[in-house]
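This report is for a reader who is new to the structure shown below.

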Amino acid sequence: MKRCALILAGGGGTRLRPLSSEENPKQFLRLFEGRSLLELTFARVAPIVDAVYVSTTEAYAAKTAELLPALPPEHIIAEPARRNTGAAIALSCFTIEARDGDCAIAVLASDHYIADEEEFRRVLTRAFDYAERADDLVCVGIEPTEPNSGFGYLELGAEIGPGIERVVRFTEKPSRELAEEFVRAGNYIWNAAMFVWRAGVFRAALREHAPELARVTRERYGEAPAIAIDYALMEKARNVAAIRGDFGWSDVGSFEALERVLGAHAVRPYRENDR
């Protein structure tokens, strides 16, 4: 079965302002020895998949092509309008399915940092292996290192395969007290919005739980609901499984997080006037 990666790169630069902006959002900033998080994401996943696609907005399509010269132009899927991750993922997965059949698709953010890339590839490969043989939507979650109330959490239940656990519940940004309980319990992981599924399994799940997204087309994209895939589908579906990941993940969602990443890896921030 063909394996594809879908990188989401349509975010509008609401974090890390004023360093980021609507014109040059976080995923395009050259912060890591002259490379952007988008470039790092592409380089990290490309070795273990047959094809990489990038979902972005029409405004960022040219910037995406410039940063990723190895990406075929037809693999840039430009949203006609910004409608949140639900519609973006639906349109992109339908596009990939039309080209590559019932392939396995990993959905990844373009603006996250991962320190241990080999471990990331090992975990993602295990997620692909499972998704190819099971009719489940697979999450790659992060082993929590602290009771952070700024992240979503996945409650894990029974083990349904070696290293694979059933997801019982999603909890979005709990209180500090609740986050501390989750970390103590040991069966909660951070929701890093990394998903792996077969195209057909994803389409069937949308038809059941989010039919308005199952009908998304490019021509009627502006009519799609502006909703995140977590709320539209993942929190409703019962066939959700998870694999735990521990590979030095950061969503680089604040200047404090950026300083931790840069400091820990001794990487010099890059500024546009360095060119």
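This is a predicted model: local features need pLDDT of at least 70, side-chain atom pairs count only at pLDDT 80 or more; totals for chains, interfaces and linings use all residues.

**Helix pair**

Two packed helices are described by the angle between their axes and the distance between the axes. Helix α1 (residues 37–45) packs against helix α4 (residues 117–133) at an angle of about 60°, and their axes are 10 Å apart. That angle makes α1 oblique to α4. The crossing in which α1 passes α4 is right-handed. On the α1 side the contact is made by L40, A43, R44 and V45, and on the α4 side by E117, F120, R121 and L124. Five of the residues in the contact of α1 with α4 are nonpolar and three are charged, with no polar ones.

**Pockets**

The largest pocket is lined by 38 residues, and N84, T85, D111, H112 and A193 lie nearest its centre. Two or more lining residues each come from α3 (84–100), β6 (104–109), β11 (188–198) and α8 (229–234).

The second largest pocket has 24 lining residues, of which F151, W249, S250, A257 and R260 are the closest to its centre. Here β13 (249–250) and α9 (255–264) are the elements that give two or more residues to the lining. The most comes from α9, with four residues.

| Pocket | Volume | Lining by class |
|---|---|---|
| Largest pocket | about 1100 Å³ | 15 nonpolar, 14 polar and nine charged residues |
| Second largest pocket | about 450 Å³ | 10 nonpolar, eight polar and six charged residues |

Technical notes
Residues are numbered from 1 along each chain as its sequence is written. Side-chain values use heavy atoms; hydrogens and water are left out. Axes are lines fitted to C-alpha atoms, for helices over the stretch in contact, and angles run from 0 to 180 degrees between N-to-C directions. Angles under 35 degrees count as roughly parallel, over 145 as roughly antiparallel, 65 to 115 as roughly perpendicular and the rest as oblique. A crossing is left-handed if the near helix is turned anticlockwise from the far one by less than a right angle, and right-handed if clockwise. Contact means heavy atoms within 4.5 Å. Ala, Val, Leu, Ile, Met, Phe, Trp, Tyr, Cys and Pro count as nonpolar, Asp, Glu, Lys and Arg as charged, and the others, Gly among them, as polar. On a 1 Å grid over the protein atoms alone, a cavity is a set of points where a 1.4 Å probe fits but cannot get out, and a pocket is an open set with protein on both sides within 12 Å along at least five of seven lines; lining residues have an atom within 4 Å of a point. Grid points are joined across faces, edges and corners, and a volume is the space filled by probe spheres set on the points.
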